[in-house]
Amino acid sequence: MDTDKITGHLILIMGPTGSGKGSIVRFLTEKFPELRYSVSCTTRAMRPGETNGKEYYFITEEEFDKKVMNGEFLEWAVFSGHRYGTLRSEIVDRLEAGEVLITEIELQGVQQLQAIVPDEHRTLIFIEAGSWEELKARALARAPISPEHLELRHQRYVEEVKSKPYADFIIDNTEGRLESANQEMAEIVTNIFNTLSTQHNDT
Ligand code: 5GP
């Protein structure tokens, strides 16, 4: 990607599973119709309630390999045994056309994008969901989970909180804070749109 051509903005959302990233992103894309969600590819299985092409493009290992070889990813990473990748086709033209994009991503992907998308065109937001003990209690209250699965989730949590120090903003979405988290996020997005429109008016 030719970084000089970027006029838009990329919002990267990080945070542990169960932190409510998905519902915050949904709130934002409904509130700001011009905010575009970048749909990633993954080799993990679809979860109940997910739709191919909406949360992710769910593809096979072979299809993922092919896209890697064709250079279709701006970044990709292995996380928790599965591969995830951001498609150039979802991002490049839109950033060059001045659009504001939002996507969920883990730390390895963030580090790759930091080298590609200049600071002033990207905002990193970490969704804070509390300690592992709090998240575990919440997950267990929703459904029974086997000790093995719980350990796996714990490992993922440990990996996912490593992205926190990279964040430009940390949003508190601990128990009962969804409404204020949504409002804080809406303010950040509004500021990004306002800054872009000021820059466009100046040129
Ligand atoms: P999940 O399987 O729970 O949907 O996602 C696991 C992790 O992968 C989350 O931290 C999520 O934000 C991250 N992720 C989702 N899409 C991408 C992507 O395109 N690239 C990278 N590097 N990580 C992603």
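**Group meeting: the sheet and the ligand site**

Strand β3, residues 40–42, pairs with strand β6, residues 82–87, in the antiparallel sense, over two bridges. In that pair, C41 stands opposite G85 of β6. Keep in mind that this is a predicted model.

Now the whole sheet. It is open and has four strands, in the order β4-β3-β6-β5. The pairing is mixed. The edges are β4, residues 56–58, and β5, residues 73–79. Each has a single partner strand, so one side of each is left without a neighbour in the sheet. From one strand to the next, the twist averages 25 degrees.

Next, a helix on the sheet. Helix α3, residues 88–96, lies across β4, β5 and β6. Its angle to β6 is about 25 degrees.

On to the ligand. Which residues are closest to the ligand? They are S40, R44, Y56, Y84 and E106, out of 17 that surround it. By class, the shell divides into eight charged, five nonpolar and four polar residues. As for where they come from, β5, β6 and α6, residues 147–160, each supply at least two residues of that shell.

G85, the residue opposite C41, has a polar backbone atom 3.3 Å from an oxygen atom of the ligand. For T86, an N or O atom in the side chain is 3.3 Å from a ligand oxygen. For I105, a polar backbone atom is 3.1 Å from a ligand oxygen. How much of the ligand does the protein bury? Taken alone, the ligand exposes 510 Å², and the protein buries 96% of that.

Conventions:
Residues numbered from 1 in each chain as written. Predicted model: local features only at pLDDT ≥ 70, side-chain atom pairs only at ≥ 80, totals over all residues. Heavy atoms only, no water. Pairing = 2+ DSSP bridges. Axes fitted to C-alpha atoms, helices over the stretch in contact; angles between N-to-C directions. Contact = heavy atoms within 4.5 Å. Near = heavy atom within 4 Å. Polar contact = N/O pair within 3.5 Å; in protein donor to acceptor, adjacent residues only side chain to side chain. Areas by Shrake-Rupley, 256 points an atom, 1.4 Å probe, with all protein chains shown as cover. Nonpolar A, V, L, I, M, F, W, Y, C, P; charged D, E, K, R; others polar.
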